[in-house]
Amino acid sequence: MKRLQAHLAYALARAGWAGAVGVALLAFALAIHFGAAAPLQAELESLEAEHESLAERVAQGVKVESPREQLARFDAALVERKRLPSLLADLSKTATAGKLALARVESRESQPLGSGYARQEYVFPLRGSYPALRAWLADIQRLSPAVLVDDVVLRREDIARDTVDATVRVSILMKEAS
């Protein structure tokens, strides 16, 4: 072991400052490789696997939408502002049909999203059974993809009661008539 240490010390003494710079550059290159290149290689392998998966889907005849087509489909699913009152009536009818008591609907100011789009928030204070509330939440998701459930707050005064008081905050994404 002492012979190896002596040989290493002799080699370092002979290399001088140029050897020290070479060792530092080697350490820096290893740090770059393991710190940056290795994670990028893993990401590249993941993207290649995704590419192969999409290529298989296309070969099987499955239509893969481009981002532009996805945006057009999303835009078509949005509610036009003039249809908002009928959508709110449908939400209320669905709640009362599911045996949920709805006293009033509170509206919050529209939040403009830019370029002809807006987001309107509504608060639905409901009272009814928990299964009826869950069914209503599922129904409003089927009613329109532009209806987003932001928040659900449940309260039950007594554990023996069958009814729950719920406050459901819903956002509706809208677009101006095209």
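In this predicted model, helix α3 is followed by K99, whose phi is positive, near 65°. The helix itself spans residues 84-97. Its 14 residues reach 20 Å from the first C-alpha to the last, close to the 20 Å expected at 1.5 Å a residue.

Five residues of α3 are buried: L84, L87, L88, L91 and A95. They lie on the same side of the helix, because they cover an arc of only 100° around its axis. An α-helix has 3.6 residues a turn, so residues three or four places apart point the same way. On the other side of α3, P85, K93 and A97 are exposed. The buried residues of the helix pack against several elements. These are β1 (79-80), β4 (117-129), α4 (130-143), β5 (147-155) and β6 (163-175).

Strand β6 pairs with three of these strands. Its link to β1 is parallel and consists of two bridges. There, V79 has M174 of β6 as its bridge partner. The pairing of β4 with β6 is antiparallel and holds 13 bridges. Within this pairing, Q120 is partnered by I172 of β6. Strands β5 and β6 also run antiparallel, joined by eight bridges. In β6, R169 stands opposite D151. Ten of the 13 residues of β6 are buried, so this strand is largely enclosed by the rest of the structure.

The largest nonpolar core has 25 residues. Those with the most contacts inside it are F124, L126, L133, W136, V168 and I172. Elements α3, β4, α4 and β6 each give two or more residues to this core. The largest share, six residues, comes from β6. Residues up to four places away in sequence aside, L126 touches A95, L100, A101, L102, L133, W136, V164, D165, A166 and V168.

E121 lies in strand β4. Is this residue buried or exposed? E121 counts as buried, because its relative accessibility is 16% and the cut-off for burial is under 20%. Neighbours within four places in sequence aside, E121 is in contact with E106, S107, R108, D150, R169, V170 and S171. One of these, R169, is the residue of β6 that stands opposite D151.

Methods:
Residues numbered from 1 in each chain as written. Predicted model: local features only at pLDDT ≥ 70, side-chain atom pairs only at ≥ 80, totals over all residues. Heavy atoms only, no water. Helix = DSSP H or I, 4+ residues; strand = E, 2+ residues; numbered from the N terminus. Expected span 1.5 Å × (residues − 1). Buried < 20%, exposed > 50% of the residue type's maximum accessible area, 1.4 Å probe, protein only. Arc of directions from axis to C-beta. Contact = heavy atoms within 4.5 Å. Core = buried A, V, L, I, M, F, W, Y, C linked by side-chain atoms within 4.5 Å. Pairing = 2+ DSSP bridges.
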